[in-house]
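Hi,

Here is the structure I promised to pass on.

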Amino acid sequence: MKKYLLTVAAAMLLNGCAGQYKQSITTQQGEPKIKHTASDVITKAAEDEWRVVNPQNILKITLPTGATYIELNPQLAPKHVKNIKKLAREGFYQGTSVYRFVEGFVAQGGASSAKKIIKTANKSLLAEFYLTTKQPSAITALEGDGYAPITGFLNGFAVAQNALQTQTWQVHCSGIFAMARDNDINSASTEFFITIGQAPRYLDKNTTVFGRVLEGIEHVNRLERTARNDKEFNPITDIQVLEDINNSDKSVFKVMKTNSQAFKNLIAARKNRSEPWFVHTANYIDVCGVAIPTKRSE
């Protein structure tokens, strides 16, 4: 009962503060806040501002409580994408598990020992920490941060760049899909990880990030943290390429185009929140603070 009364009192206090200061909400530059909210932007986005995700580049990871769908990023890490699809197609991940957790940080899965035989895929891969191009690569850019001169978005992924925009890499936001490795930068093989907490950006350019969760992060979060003698520990039933199983799984995902006007409006809405609850806005958003809208089309 006391907890309930405290909750109500806190809510009244917040509402009172919001009412008291509502007229003074401005950006750091003193400009009035923008009127549209993030939900408005997403709802009103035109159909041509969304893209259908190619099922060739979606992994379905079947876990004890449901499926997690990953969009792969062949533009920035083509070798890793090709290899993990080979591993999936040869059935390598059947009978493996998600066996390692760092709470609020990462869940790591695959074959926890080197005993499982790789049939067709490469046993190790050269690092693809970033893509190098001769010409600058255009992205939907934000301000830089302490980890990179330029941050932004490219083809539905949060990325960063060097000052010349000739190096581009996917950054470690929550829900990214990356390959684990040993001290040797070219030792990535079959073990993958998914970030489950706040963005560990200090890992940028230290591992190959080559995808992100489209749907089902809750199934990763629900996995057991400690092994028990009476049950199998976080088994992975299978990892499959969605295109290969379209008879049994007809899932279709759409992602907002990150070079669209709607997405640029979404960034603006996130930088300066216009919802009535907010009494201060920073006129700033970091690259991991903009969730890339994703939806099912069937």
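Below is what turned up, going from the disulfide to the pockets and then to the aromatic rings.

Before anything else, please keep in mind that this is a predicted model.

**The disulfide**

There is one disulfide in the structure. Cys173 and Cys288 are the partners, with an S to S distance of 2.0 Å. As a reminder, a disulfide is a covalent bond between the sulfur atoms of two cysteines. What does this one tie together? Cys173 sits in the loop between β10 (167–170) and β11 (176–179), while Cys288 sits in the loop between α5 (261–271) and β17 (294–296), so the bond connects parts that are 115 residues apart in sequence. The torsion about the S-S bond of Cys173 and Cys288 comes out at about -85 degrees, which means the disulfide is left-handed.

Are the two cysteines buried or exposed? Cys173 has a relative accessible area of 9%, so this residue is buried. Cys288 is partly exposed, because its relative accessible area is 23% and the cut-off for buried is under 20%.

The largest pocket has a volume of about 370 Å³. Its lining is made up of 22 residues, and those nearest the centre are Ser174, Gly175, Arg212, Val213 and Ile292. Which of them gives the most? That is β13, with four residues. Sorted by class, the lining of the largest pocket has 13 nonpolar residues, six polar and three charged.

The second largest pocket holds about 270 Å³ of space. Among the residues that line the second largest pocket are Arg100, Phe105, Arg181, Asp182, Phe193 and Leu203. Its lining splits into five nonpolar, four polar and three charged residues.

**The aromatic rings**

How many aromatic pairs does the structure hold? The count is seven. In one of them, the ring centres of Tyr69 and Phe253 are 5.0 Å apart and the planes stand at 55 degrees, so the pair is tilted. This pair links distant parts of the chain, with Tyr69 in strand β3 (residues 66–72) and Phe253 in strand β16 (residues 253–256), 184 residues apart. Tyr69 and Phe253 are both buried.

Phe92 and Tyr93 pair in another way: their ring centres are 5.2 Å apart and their planes are at 85 degrees, so they count as edge-to-face. Phe92 has 3% relative accessibility, so it counts as buried. Tyr93 also counts as buried, because its relative accessibility is 0%. If you colour the rings in your viewer, pick out Phe92, Tyr93, Phe177, Phe192 and Phe210 together, as they form one aromatic cluster.

Two lysines are worth a look as well. Lys205 lies over the face of Trp169, at 4.3 Å from the ring centre. Lys295 lies over the face of Trp50, with 4.0 Å to the ring centre.

That is the lot from me.

Cheers

Technical notes
Residues are numbered from 1 along each chain as its sequence is written. This is a predicted model: local features need pLDDT of at least 70, side-chain atom pairs count only at pLDDT 80 or more; totals for chains, interfaces and linings use all residues. Side-chain values use heavy atoms; hydrogens and water are left out. A disulfide is a pair of cysteine sulfur atoms within 2.5 Å. Helices (H or I, at least four residues) and strands (E, at least two) are DSSP runs, numbered from the N terminus. Buried means under 20% relative accessible area, exposed over 50%, partly exposed in between (1.4 Å probe, protein chains only). On a 1 Å grid over the protein atoms alone, a cavity is a set of points where a 1.4 Å probe fits but cannot get out, and a pocket is an open set with protein on both sides within 12 Å along at least five of seven lines; lining residues have an atom within 4 Å of a point. Grid points are joined across faces, edges and corners, and a volume is the space filled by probe spheres set on the points. Ala, Val, Leu, Ile, Met, Phe, Trp, Tyr, Cys and Pro count as nonpolar, Asp, Glu, Lys and Arg as charged, and the others, Gly among them, as polar. Rings of Phe, Tyr and Trp (its six-membered ring) pair if their centres lie within 6.5 Å; planes under 30 degrees apart count as stacked, over 60 as edge-to-face and the rest as tilted. A charge sits over a ring if NZ of Lys or CZ of Arg is within 6 Å of the ring centre and within 35 degrees of the ring normal.
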